Number of protein chains: 2
Amino acid sequence: MRLENTPKARRIEAKRGYDDACGLAHALELVGERWALLVMRELMLGPRRFSGLKADLPGISANVLAQRLVELEERGLIRRTRLPPPASVQVYEATDWGLDAAPLIRALGKWAVRSTRHDPGQQVSPVSIMMSMQTMFDALAAGDFGPRAGFLFGDVGYVAEPREGEIHVERSGLEGCDFVVATTPEELGAVLYGDAPLETLAISGDTELARRFVTLFTLPPKVEPAG
Amino acid sequence: MRLENTPKARRIEAKRGYDDACGLAHALELVGERWALLVMRELMLGPRRFSGLKADLPGISANVLAQRLVELEERGLIRRTRLPPPASVQVYEATDWGLDAAPLIRALGKWAVRSTRHDPGQQVSPVSIMMSMQTMFDALAAGDFGPRAGFLFGDVGYVAEPREGEIHVERSGLEGCDFVVATTPEELGAVLYGDAPLETLAISGDTELARRFVTLFTLPPKVEPAG
DNA sequence: CCGTATCCAATAAGATACTG
DNA sequence: CAGTATCTTATTGGATACGG
């Protein structure tokens with residue numbers, strides 16, 4: 001016999017769940033809480049520290065972030081590790097299964113930006129904008145154009161490199177890049193997806209490669225108002 | 001200048017959002033509320049009435065369902081329509097854009113069932129189990145085997161028909177099916193994904209076609225405990 | 001710097017009863 | 001059947017203080 005659905009009976013269950021064997025319902029129990037999927041997003045390009053996560057999730061409070069990290073770890077989506085010396089700091093990183101969420105995260109984003117209500121004017125994190133490049137990459141436009149593109153947000157570097165119809169992105173040092181853009185996620189977004197000219201960005205290295213590079217990304221069309 | 005982040009300042013904003021231009025964050029503003037994506041799931045195979053939705057979402061309360069439907073309509077994901085006479089009842093149906101969420105819903109489900117914590121023993125709705133057939137369909141095993149398979153849950157019929165590497169599913173009358181299975185979602189799930197023998201199902205029509213049909217669906221492997 | 005603990009205010013969700 | 005209305009409970013977020 002099932003438990004009665006009273007507040008008291010529910011309290012002894014782990015937490016509010018959906019009594020539903022459907023995979024989707026389980027997905028929502030794994031990452032359906034507020035902030036959870038955004039935390040996962042921030043871990044998709046490599047391990048992060050607590051303070052970095054907090055800084056890149058505007059509005060999350062330390063206690064909520066800490067709680068999400070505990071839950072995601074319990075569920076096997078992330079793990080807590082210590083970076084090798086000399087850094088030796090504690091970081092959070094996605095497990096292999098957690099990393100499998102990356103295509104889902106990109107697909108959700110691609111679907112959602114078709115909304116007419118989407119406001120691209122707000123803050124974005126470096127991870128967001130770098131993942132958006134994977135999402136919005138136009139392989140046809142790129143052909144076999146494949147420069148090694150560096151992006152520097154403050155003191156964190158990312159490298160993007162088109163190859164074989166996809167674009168590989170990783171957090172990394174910027175050695176060997178054909179060009180390096182030092183910018184903010186918002187400025188970069190305005191060039192990639194808005195009207196801002198390339199000249200608003202501080203670019204070192206081969207500017208002409210950069211000029212072509214930023215044309216490789218296109219937003220999907222908005223939903224027609226009729227729906 | 002931005003609004004201060006005080007309770008009072010927040011109250012004049014529409015609701016709790018993520019101040020984040022990332023597409024994922026917007027997706028969560030569209031369908032991130034509790035139950036929202038499950039409501040969308042129920043609409044992926046055609047229009048539904050309020051009471052049907054409430055019945056197939058175990059544990060949702062009428063007020064929360066009503067609120068979600070209003071929100072999803074405002075956001076352009078569903079619309080409220082009236083079925084043509086003689087039915088003339090009001091139903092909810094997904095917009096074209098809303099229907100585009102179907103692959104996302106399936107992908108989320110497929111990813112989540114790899115969790116070792118997933119318990120397939122709970123209730124499922126007819127829509128869940130029929131969508132799971134699309135998710136778990138093994139095109140290789142099917143080859144060009146493509147019977148017209150009927151499923152009857154109470155008085156609601158669905159037809160599934162493999163063709164060209166996919167499996168088409170729709171809510172529909174069961175005329176012209178090669179076989180019809182009258183069952184519950186749970187019983188069907190036990191045969192498709194568990195050990196239950198075909199004989200637990202009430203089948204009319206060509207049982208041998210049904211016997212092969214139920215072998216075409218396989219769950220993805222569980223995540224190894226190490227993560 | 002990296003969190004944990006505590007407390008309060010504001011929302012969201014749930015149970016239940018009720019109406020057209 | 002298709003929801004509202006009302007009340008209770010749970011979760012969230014924000015602030016702040018504190019410990020390793």
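What rotation and what shift along its axis superpose chain A on chain B? In this predicted model, residues are numbered from 1 along each chain as its sequence is written, and chains are lettered from A in the order in which they are written. Local features need pLDDT of at least 70, side-chain atom pairs count only at pLDDT 80 or more, totals for chains, interfaces and linings use all residues, and side-chain values use heavy atoms, without hydrogens and water.

**View 1. The two chains.** A rotation of 180° with 0.0 Å of shift along its axis places chain A on chain B, with an RMSD of 0.0 Å. This is the relation of a two-fold axis. The superposition is by least squares on the C-alpha atoms of residues with pLDDT of at least 70 in both copies. The copies meet through the same surface, because 100% of the interface residues of chain A are also interface residues in chain B.

**View 2. The second largest pocket.** This pocket holds about 520 Å³ of space. A pocket is an open set of points on a 1 Å grid over the protein atoms alone where a 1.4 Å probe fits, with protein on both sides within 12 Å along at least five of seven lines; lining residues have an atom within 4 Å of a point. The volume is the space filled by probe spheres set on the points. Of the 29 lining residues, A21(A), C22(A), H118(B), S132(B) and Y193(B) lie nearest the centre. Helix α8(B) gives the largest share of the lining, six residues. Helices are DSSP runs of H or I, at least four residues, and strands are runs of E, at least two.

**View 3. R68(B) in a helix.** R68(B) belongs to helix α5 (residues 62-74) of chain B. Its relative accessibility is 9%, so R68(B) counts as buried (under 20% relative accessible area, with a 1.4 Å probe and protein chains only). Its side chain makes a polar contact of 2.9 Å with the side chain of E71(B); such a contact is a pair of N or O atoms within 3.5 Å, one able to donate a hydrogen and the other to accept it. Leaving out residues up to four places away in sequence, R68(B) touches E33(B), R34(B), W35(B) and A36(B), where contact means heavy atoms within 4.5 Å.

**View 4. T183(A) in a loop.** T183(A) sits in the loop between β6 (179-182) and α10 (185-193) of chain A. T183(A) is buried, with a relative accessible area of 9%. The side chains of T183(A) and E187(A) are joined by a polar contact of 2.9 Å.

Definitions and conventions:
Buried means under 20% relative accessible area, exposed over 50%, partly exposed in between (1.4 Å probe, protein chains only).
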